[in-house]
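Q: Please take a close look at one part of this structure. I would like it set against the chain as a whole, with the cut-offs behind each term.

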Amino acid sequence: MAAASASAPYKGTTIVIPPEEVTLLDVPRMSEGSCFPSPLTARRWPDNKNFVAHGDFFVRVRWSEPHSSGAAKPATPPERLAFLRAGPCERICRKPEDVRAAIVTCGGLACGLNVVVREIVMALWFQYDVRTVFGIRKGYRGFYSEDEPPIELTPKAVSAIHTEGGTVLGSSRGGFDAEKILGGIKRLGINAVFVIGGDGTHRGALVLAKALSEAGVDCAVAGVPKTIDRDIPMIDRTFGFDTAIEHARHAITCAHTEATSARNGVGIVKLMGRNAGFIALHASLASRDVNACLIPEVPFTLRALNLWLDRRLKDRGHALIVVAEGCSPADAAEYGVDTAAEPERDASGNAKLADVGEMVKGAVNKYFKTEHPGRDVNVKYIDPSYIIRSAPANATDSVLCAELAFAAVHGVLAGYTEFTVGTVDGEMAWLPISEVATRPPRKVDSDGSQYARLVLSTGQPDFSGSVPGAPAREAVWQQAAAKTGKLALPADGAAAACPSAPAQ
Ligand SMILES: Nc1ncnc2c1ncn2[C@@H]1O[C@H](COP(=O)(O)OP(=O)(O)OP(=O)(O)O)[C@@H](O)[C@H]1O
Ligand SMILES: O=P(O)(O)OC[C@H]1O[C@](O)(CO)[C@@H](O)[C@@H]1O
Ligand SMILES: [Mg+2]
C-alpha cells in the first residue's frame, strides 16, 4: 500500500470546504406558532426518535442540464439547494379534528395510484384521527361536476383497493377551472387537498393554491408526483416506474420469442415516454435481449435503422427493437409522415403523438419490399403501453407509494401548504410545488454512463445519420467506452473480453 503523503487528507484531518451559496427551497406554512404535540407522540412511534424538526433541511447539488461524471462540464454551474426534510413532526400545527381533506387523481394512470389514495386515508385516520376525507371523482372536474359528486373515503372503503390497478377515484385530462374548483372546496368545507398527478396536475395545483390564498380560503394544497415516464424534475423516482419495467420486460420477451421464431423476424416494442426514454432504456437493460433501443433524447433516422437491420438480419436472422413513444425520426417525412402538421392536442393541451411504433414498422416493411423484394421479413409490432400503465403496483412501488402518502399527510398536519413530496438523492423532501410544475422534465443523459451501458449491452450503432452500413461492434464499444472512460476495449473484437456482452 502506498504511504500517505503529508498533504493527503488522513483519518482525523479536518478538511475545510469553502462556504458556498445554498438556496433553501422553502415551503409556505399556513399556521405558525400555535403548535401542539402530535398524536403520534402518544402512539407507538419508535422512541420518538424519528421525528423531524420543523425547518430541518439537507443540501444537494443539482445540475440544470444532464451531467455525468467524466462528461464535459455543462455551461451552467450546478445549484446548491437545501431541501426541507419530510417526516412526522413532534409538534403539529393543524388540529386533526378540524381537518376536512380531499383526494384527487389527475392525468394518465400509473401503477400504484390506489396505494397512494389508500395510504393517505389510512395515515389521516389512524396516525392523526382525521375523520373527514372526500374522494374527488375523475380528476379536477370532480370538485364541481354534478354528475360525479365526491365520495366519502374511510379505512373500510379503501382497505382492499391497493391490489387493483388504476384509480378507484377515476382520473381525467382537462377540466381544470380554478373558480369552479374553489366553489366546490368552499361548499364542502374542505381545508386540505391532496392532488396526485404529473406536471400538468402540479401546474393546476399551483394555480389552485394561488386562487385559494387570494380568496382568503385556509386550505392546504399538497402534491404527490405521479408519472409512469419518470421524468418529473428534481426527484429521484416516481411510483409505478418499477412495476412498468417489469411488465415492459415481459412484452419485450414476447417480441423476442416472436422474432426468433420467425424467418428474418423483427420484433418492435413501443413503450411510454412522451419526453424521456427512461422506460425504454431501463426495460431494455432489464431484458438483455434488445438489439436497438431508440429514445427521444438520441436522434436517429429510419434509413440508418434499416441499413443496420439489413445487416443484422443477414448476420443473425432476427432483431429486437424497442422504441419510446416520444421518438421522432429525423427523416420521418421521407416515409410519408406529415411532420409539419400542427399536432392534435388532448383536453389538457398535451400534443397527441403519432404512433412511432407503426412508423418504424411501416418503414421496415417499405425498405425490405423495395430493396429486397424476395426476402421474407416478418415484422411483429407490440404496443403494451396501457397494459403496463394499468397494472397494480409491485412490492417496491407499494413501499414507495406509502412513503409518499405518509410524507404528504405529515406535511399537511405540520401546517405546510403548496408543497409536493419526493426523494432527492434518497432523502424524502417537501418541495415547493413550483419546482415540479415549472422546471423542464428530466431526460436521459445521452452522454451519461447509463446510456453508454445500454449501447454496450445492445451493441447498437449510432443511428443518427444516413450511415452507409452499420459500424463494426468494436466501433460501438469504443464509442461507449470513451463515454464511460472505464472500460478496456476488447482486443480484436473479442466479445468475451467485454464486461457486458452485447445482447444476442
Ligand atoms: N397549466 C395548467 N394550469 C392549470 N391546470 C392544468 C395545467 N396543465 C394541466 N392542468 C390540469 O391538470 C390535469 C392533469 O394534466 P395532464 O393531463 O397534463 O396530466 P399530468 O398531470 O401531466 O399527468 P401525466 O402527463 O403524467 O399523465 C388536467 O385536469 C389539466 O386540465
Ligand atoms: O393516452 P393518454 O391517457 O392520453 O396517455 C398517454 C400519455 O400518458 C403518459 O403515460 C404520461 O402519463 C405518457 O407517456 C403518454 O404520452
Ligand atoms: Mg404530463
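**One helix in its setting**

A: The protein chain holds 13 helices and 16 strands; helices (H or I, at least four residues) and strands (E, at least two) are DSSP runs numbered from the N terminus. This is a predicted model, in which local features need pLDDT of at least 70 and side-chain atom pairs count only at pLDDT 80 or more, while totals for chains, interfaces and linings use all residues. Residues are numbered from 1 along each chain as its sequence is written, and chains are lettered from A and ligands numbered from 1 in the order in which they are written.

Confidence comes first. pLDDT is the predictor's confidence in each residue, from 0 to 100. Its average over the protein chain is 88, and 86% of the residues score at least 70. Residues 1-6 fall below 50, and this stretch has one contact in the model beyond near neighbours in sequence. Two residues are in contact if their C-beta atoms, placed from the backbone, lie within 7 Å. Over residues 484-504 the pLDDT also stays under 50, and the model gives this stretch 34 contacts beyond four places in sequence. Where pLDDT is low, the predicted coordinates should not be read in detail. For the model, ipTM is 0.98 and pTM is 0.89.

Of the 504 residues in the protein chain, 46% are buried. Buried means that 20 or more other C-beta atoms lie within 10 Å of the residue's own, exposed means 12 or fewer, and partly exposed is in between, with C-beta atoms placed from the backbone. Among contacts with a separation of 6 or more, 79% join residues 24 or more positions apart.

Buried in H7 are Leu302, Ala304, Leu305, Asn306, Leu307, Trp308, Leu309, Asp310 and Arg312. After H7 comes glycine 317, with a positive phi near 80°.

H10 is mostly covered, with 16 of its 20 residues buried. Glycine 415 follows H10 and has a positive phi, near 105°.

Now the wider setting. The domain assignment gives domain 1 (85-238 + 402-424) and domain 2 (241-334 + 350-390 + 445-497); such bounds come from an automatic or database domain assignment. The C-alpha centres of domain 1 and domain 2 are 38 Å apart. Their contact takes 13 residues from domain 1 and twelve residues from domain 2. From the UniProt record, an unreviewed entry, comes the feature "domain: Phosphofructokinase" at residues 100-410. UniProt positions are in the numbering used here, feature names are shortened, and annotations may be inferred rather than shown by experiment. The span 100-410 is 42% helix and 15% strand, and its end C-alpha atoms lie 15 Å apart.
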